[in-house]
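Take a look at the structure below. We will walk through it one part at a time.

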Amino acid sequence: MAEKRIVLGNCGVIDPQNIETYLAKGGFKAFIKARDKMKPQGIVEEIKKSGLTGRGGAGFPCGLKWELARNTKAKTKYLICNADEGEVGQFKDKYLLSNDPFTLIEGMLIAGLAIGAQQAYIYLRAEYHSIFNLLAEAVKQAKEKGFLKHTDILVFEGAGAYVCGEESALMNSIEGRRGESRYKPPYPPTSGLWDRPTIINNVETLMNIPHIINNGAAWFSAMGTRRSKGTKVFCVSGDVARPGIYELEIGSSLKELVVDLAGAAGIKAVQVGGSTGSIIPLRMIDTPLSQETCLGSGAVVVLNSDRDIIDIVHNDIRFLHEESCGKCTPCREGTEVMLEILGRLMRGDGEAGDINKLEDLARAMALASLCGLGQAAAVPVLDSLKYFRDEYNDLIDQSLFLRSYLGSESYKSEEVVI
Amino acid sequence: MSAAAKETSSSIANRAELLPALKQELSKNSSLSRTVLASLADKTGIPLNEIYGVSTFYSYLPVVAAGKNIIRVCGCLPCDLKDAQGVIGSIKKELGIEPGQTTADGKFTLEMVGCIGACDQAPAMMINDTLYGNLTPTGIAEILKSFK
């Protein structure tokens with residue numbers, strides 16, 4: 001299978017600063033169809049039938065989420081586009097926003113009609129400040145064309161916090177609070193922003209909507225696997241010849257993405273889904289990319305045979321430790337202890353029980369953390385222990401031998417390397 | 001509208017404006033001083049300690065004095081694989097500061113940050129709002145020169 005550019009279809013084709021170029025390509029046809037010819041419930045049904053799932057990483061069925069908000073009786077409802085792309089190795093939303101803001105706006109307007117939201121936000125991460133004006137201008141042009149009568153759109157800039165990509169932390173951030181995750185339930189479709197029903201969708205999810213309305217649910221659900229439909233935009237980086245953005249039908253193999261398209265050679269492993277993503281060893285390179293196996297948010301980092309897996313996992317956990325919001329203990333303390341153990345292993349201070357400690361900790365964090373950050377922090381640790389356990393064992397054995405040989409005191413360092 | 005409802009709606013308006021207001025202040029000064037936070041507390045009715053708590057949560061709302069130019073170097077996996085450490089070493093040598101510090105002349109603050117979404121141009125950094133990608137340790141001096 002070659003690349004299948006649907007979400008990326010307008011990128012590099014239209015002028016992101018000129019709505020006329022988007023209209024000339026059939027832009028806003030789906031919105032007008034949804035507004036004039038479909039009932040809100042009909043839009044929800046169509047999205048449900050399409051099988052579209054969230055593209056931000058969690059993969060929740062989009063139509064079902066919309067239905068939950070649609071069915072609440074509240075007068076005020078909100079829609080939020082999550083453009084707080086903070087995942088390590090991910091840059092697709094930046095590319096989509098800067099090349100095609102209009103498809104996103106159209107998708108948001110259709111979502112607004114479907115759930116009955118009067119106000120919508122695009123929550124843009126602070127690191128992407130350079131595209132703030134482009135987005136605001138695109139919204140202004142859509143407004144001048146009279147498309148924003150049902151749902152108004154405001155571009156809201158974050159202030160630098162990875163955890164704000166988590167939906168409840170994101171809402172706290174818009175509310176002018178610390179971006180800490182909330183206890184759930186209630187879930188946002190029943191009680192979200194300012195306790196009103198709120199739908200939060202990723203940029204890419206919303207950009208699929210106009211295509212589904214134009215071409216029908218059957219067209220969309222013909223692509224993909226049994227449980228994950230459509231295409232996915234991937235960001236490939238790391239040890240590859242051609243890092244960049246590729247859109248493939250869901251179910252395409254990991255090999256096709258990283259070897260055929262991105263030109264990777266001498267692969268040892270691939271991390272799919274960012275800092276909390278699965279680590280796939282070379283022997284499983286034919287794994288299909290889908291919700292059933294691994295998909296995540298689409299960040300794909302390729303590691304060649306020179307790379308040390310423990311070093312990679314240490315880097316992942318260092319990032320998650322830094323970005324943990326600190327509200328719940330399993331994540332705040334768990335990432336801290338994991339970092340301490342991994343740092344110790346790398347310094348040559350590993351001990352025999354360290355692997356068991358990491359496994360125990362990972363399981364507890366996955367079960368007890370408040371949000372996805374702490375729950376998924378365990379994934380790279382457990383995957384690396386599953387597929388590269390020998391590397392851990394060898395490192396610990398070597399450290400034990402060296403320390404016994406040299407005398408343990410000479411290897412004790414005062415400073416904790418983090 | 002009842003008094004309680006009125007109060008809720010005004011507090012909603014104030015809270016929603018807090019992050020934009022803090023950012024507005026940062027366009028005038030490179031960091032948020034106690035005076036600035038206190039005057040915002042007066043204006044919005046949100047307690048000072050809470051505004052301080054919000055500011056310190058976010059990495060783009062510095063409350064300690066920062067340099068005129070903030071250098072944010074990404075140390076996450078894709079950049080790390082492409083020798084981000086070498087780039088950081090070169091910046092440290094060039095400026096004579098460690099991450100988290102500001103140069104004596106107040107021109108630069110160096111920070112290590114999470115992913116900045118430029119993994120296809122790794123290693124990457126941002127100076128203020130401008131992105132610099134495909135960095136090499138030897139190329140750093142040239143980039144910094146334009147800010148000196």
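In this predicted model, strands S7(A) and S8(A) form a hairpin. Five residues lie between the two strands. One residue in the turn, Gly273(A), has a positive phi of about 110°. S7 covers residues 267-272 of chain A, and S8 covers residues 278-281. The two strands run antiparallel, and four bridges join them. Find Val270(A), and you will see Ile280(A) of S8(A) opposite.

Now turn to a pair of helices. Two packed helices are described by the angle between their axes and the distance between the axes. Helix H12 of chain A spans residues 309-323, and helix H13 of chain A spans residues 329-347. Their axes come within 9 Å and cross at roughly 150°. Angles over 145 degrees count as roughly antiparallel, so H12(A) and H13(A) are roughly antiparallel to each other. The crossing of H12(A) with H13(A) is left-handed. Which residues make the contact? H12(A) contributes residues including Ile310(A), Val313(A), Ile317(A) and Leu320(A). From H13(A) come, among them, Met338(A), Leu339(A), Leu342(A) and Met346(A). By class, this contact of H12(A) with H13(A) has nine nonpolar, four polar and three charged residues.

Definitions and conventions:
Residues numbered from 1 in each chain as written. Chains lettered and ligands numbered in written order. Predicted model: local features only at pLDDT ≥ 70, side-chain atom pairs only at ≥ 80, totals over all residues. Pairing = 2+ DSSP bridges. Axes fitted to C-alpha atoms, helices over the stretch in contact; angles between N-to-C directions. Parallel < 35°, antiparallel > 145°, perpendicular 65-115°, else oblique. Left-handed = near helix turned anticlockwise from the far one by under 90°. Contact = placed C-beta atoms within 7 Å. Nonpolar A, V, L, I, M, F, W, Y, C, P; charged D, E, K, R; others polar.
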